[in-house]
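This briefing walks through a protein chain and its ligand, from local backbone features to helices, strands, domains and the ligand shell. Please keep the sequence and the structure in view while reading.

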Amino acid sequence: MYNIGIIDKINPKGLEILDNKDNFKYEIITDLSTENLLKKLPEFDGITLRRGKIDSKILSNCKKLKVISRHGVGYDNVDVDYIKQNNIKLLVTDSSTSTSPAEHIMYMILSIYKGVNMFDSIVRNGKFADAINLDIKENFELYKKNILIVGFGRIGKKLIKKCLGFDLIVNVFDPFVDEKIIKSFGGNKVSSLSESLKTTDILSLSLPKNKDTYNLISLKEMKLMKKNSIIINVSRGGIINEKDLNFALDNKIISYAGIDVFEKEPPEKNNPLLSNKRVLLSPHAATFTRECLENMSIETVNNIIDFFEKKIDKSKIVSL
Ligand SMILES: NC(=O)c1ccc[n+]([C@@H]2O[C@H](COP(=O)([O-])OP(=O)(O)OC[C@H]3O[C@@H](n4cnc5c(N)ncnc54)[C@H](O)[C@@H]3O)[C@@H](O)[C@H]2O)c1
């Protein structure tokens, strides 16, 4: 019998699969405090992991643990050095976690480019006829604007198709992806991030957070950008320097931002972005669609079952 810890609740569709397996039992853990994880995790052979930080202090207590199945694809909440040294495998939901985030990026771009609910509110406030006098200097067409996609993995590849559908010109910065691949998707590979930022109208980030990408976009980079440019981040907080972003928006260095992810989540009450009217916010919710959450739950659970039944697809295992 394999004992599985479900760390943070997931959609019931995945749990139904476990309910029908005789050789698996599970417990859902919703108290994600370090104290509770230290106490509970040593019981498990494998865990699924949504939110919750799994550091080396917790892991060193888990002598039975063979596998961590992430509900998602980012794994900056796991001590990867420790699991690598101790041969604990890390699995990700590589099939189900890119469509909704790519759509969320488009939602943010379109909302910002079309005035973030401006029209909805004037109709509701009985000001329909005044629309003709609205200041729409900041409403734009996407047609022939330059988008720079930073990180051309699963999300980047889904996003480019949507961008081309809107006639955006797509530049891609990803030092690890071959130019031919980017071309085959209809994009132009750029080799210098800073050079490319100078002509960018829309910057969208879809890359992992690690020591090389931390604060990749700071004031220095924003100062290179056009005054009308916008930045969308659905990847991870901390890849953009939040204080610099707030400063750049307040000082009209760039125009607007769409932010789904924060360096500290939930963000602290005094995080200046929460009161900045030039930011469209969402609560780390780029995957929050019915389809995506159901599919991620199913894939997370199937991954852990496949691992123990020795039929896990190699594409699901993160090579560390
Ligand atoms: N907001 C959300 O709910 C949400 C959902 C899914 C993923 N994410 C985040 O988005 C990130 C990307 O997801 P994905 O599935 O596309 O990942 P992926 O691993 O398929 O692709 C990431 C890409 O980033 C590239 N990259 C790495 N370092 C880079 C650098 N310094 N500069 C430019 N490119 C770099 C890699 O070469 C890779 O092609 C994940 O790491 C995750 O943290 C967030």
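Val 116 counts as buried because 20 C-beta neighbours lie inside 10 Å; here a residue is buried if 20 or more other C-beta atoms lie within 10 Å of its own, exposed if 12 or fewer, and partly exposed in between, with C-beta atoms placed from the backbone. This is a predicted model, in which local features need pLDDT of at least 70 and side-chain atom pairs count only at pLDDT 80 or more, while totals for chains, interfaces and linings use all residues. Residues are numbered from 1 along each chain as its sequence is written.

**Backbone features in loops**

- Val 116 has a phi near 35 degrees, a positive value in a residue other than glycine, and its place is in the loop between α5 (99-113) and α6 (118-124); helices (H or I, at least four residues) and strands (E, at least two) are DSSP runs, numbered from the N terminus.
- His 284, in the loop between β12 and α12 (290-308), also has a positive phi, near 50 degrees, and is not a glycine; with 17 other C-beta atoms within 10 Å, His 284 is partly exposed.
- Glu 265 and Pro 266 are joined by a cis peptide bond with omega of about -10 degrees, and Pro 266 lies in the loop between β11 (256-259) and β12 (279-281).

**Helix α7**

- In α7 the buried residues are Ile 155, Gly 156, Leu 159, Ile 160 and Cys 163.
- Viewed down the axis of α7, these buried residues fall within an arc of 130 degrees and so line one face of the helix, the arc being that of the directions from the helix axis to the C-beta atoms.
- Lys 161 and Gly 165 are exposed on the other side of α7.
- The buried residues of α7 pack against α5, β6 (146-150), β7 (169-173) and β9 (202-205), where two residues are in contact if their C-beta atoms, placed from the backbone, lie within 7 Å.
- Asp 167, which follows α7, has a positive phi near 60 degrees.

**Helix α11**

- Helix α11 (residues 242-250) has Glu 242, Leu 245, Ala 248 and Leu 249 as buried residues.
- These residues of α11 cover an arc of only 120 degrees around the axis, which puts them on the same side of the helix.
- The cover over the buried residues of α11 includes α10 (219-224), β11 and β12.
- After α11 comes Lys 252, whose phi is positive and near 55 degrees.

- Strand β1 (residues 2-7) pairs with β3 in the parallel sense over 4 bridges, two strands being paired if DSSP finds at least two bridges between them; Ile 47 in β3 is the bridge partner of Gly 5.
- Strand β4 (residues 67-70) runs parallel to β3 and is joined to β3 by 4 bridges, with Ser 69 of β4 standing opposite Thr 48.

**Segment after α12**

- Ser 315 has its place in the segment after α12 and counts as exposed, with 9 C-beta neighbours inside 10 Å.
- Although Ser 315 and Ser 95 are 220 residues apart in sequence, their C-alpha atoms are 9.5 Å apart in space.

**Domains**

- The protein chain is assigned domain 1 (2-96 + 290-316) and domain 2 (99-281), with bounds that come from an automatic or database domain assignment.
- The centres of the two domains, taken over C-alpha atoms, are separated by 32 Å.
- Between the domains, 5 residues of domain 1 are in contact with 6 residues of domain 2.
- The side of domain 1 that touches domain 2 has 2 nonpolar, 1 polar and 2 charged residues; Ala, Val, Leu, Ile, Met, Phe, Trp, Tyr, Cys and Pro count as nonpolar, Asp, Glu, Lys and Arg as charged, and the others, Gly among them, as polar.

**The ligand shell**

- The ligand is surrounded by 32 residues, of which Gly 74, Gly 151, Gly 153, Ile 155 and Phe 176 are the closest; a residue is near a molecule if its C-beta atom, placed from the backbone, lies within 6 Å of it.
- Helix α7 (residues 154-165) supplies the largest share of this shell, 3 residues.
- By class, the shell divides into 14 nonpolar, 12 polar and 6 charged residues.
- Domain 1 and domain 2 each contribute at least three residues to the shell around the ligand.
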